[in-house]
Amino acid sequence: MSESQLNERHLRLYAALAQIPPGCVMSYGELAQQAGLGRAARWVGRVLAQLPDDSRLPWHRILRADGRLGLPADSPSARKQCERLRSEGVLVENGRVKGFKQDAP
């Protein structure tokens, strides 16, 4: 994949991520689909993990397909994600968003 193609993939991902409204969540796979990237959930996860600390993109609204946070439970990033979700009215219990529907198989 050329550098310009990779940059285009990143831009599509960032644009789709930026459109997720406060209080809403989706899975890595759903975000990949929204961005037109097909079945690229793992790639999405790697890209989001590399966002700078001061990024304004709402990375915290992205979850695993089972509704769990995609970060180690006691990590500072997981605590930050939980706090941000709760501040938007999202119910998080034991590292999982309550009421999150799993992706269809």
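In this predicted model, R9 lies over the face of W43, at 4.4 Å from the ring centre; a charge sits over a ring if NZ of Lys or CZ of Arg is within 6 Å of the ring centre and within 35 degrees of the ring normal. Residues are numbered from 1 along each chain as its sequence is written. Local features need pLDDT of at least 70 and side-chain atom pairs pLDDT 80 or more, whereas totals for chains, interfaces and linings use all residues; side-chain values use heavy atoms, without hydrogens and water.

The axes of helix α1 (residues 3-18) and helix α3 (residues 41-49) come within 11 Å and cross at roughly 85°. α1 is therefore roughly perpendicular to α3, a term for angles of 65 to 115 degrees. Axes are lines fitted to C-alpha atoms over the stretch in contact, with angles from 0 to 180 degrees between N-to-C directions; helices (H or I, at least four residues) and strands (E, at least two) are DSSP runs, numbered from the N terminus. In α1, L6, R9, H10, L13, Y14 and L17 meet W43, V44, V47 and L48 of α3, contact meaning heavy atoms within 4.5 Å.

Side chains of opposite charge can pair when their charged atoms come close. There are four salt bridges, each a side-chain nitrogen of Lys or Arg within 4 Å of a carboxyl oxygen of Asp or Glu. E88 forms one with R61, the closest N and O atoms being 2.6 Å apart.

Key:
Angles under 35 degrees count as roughly parallel, over 145 as roughly antiparallel, 65 to 115 as roughly perpendicular and the rest as oblique.
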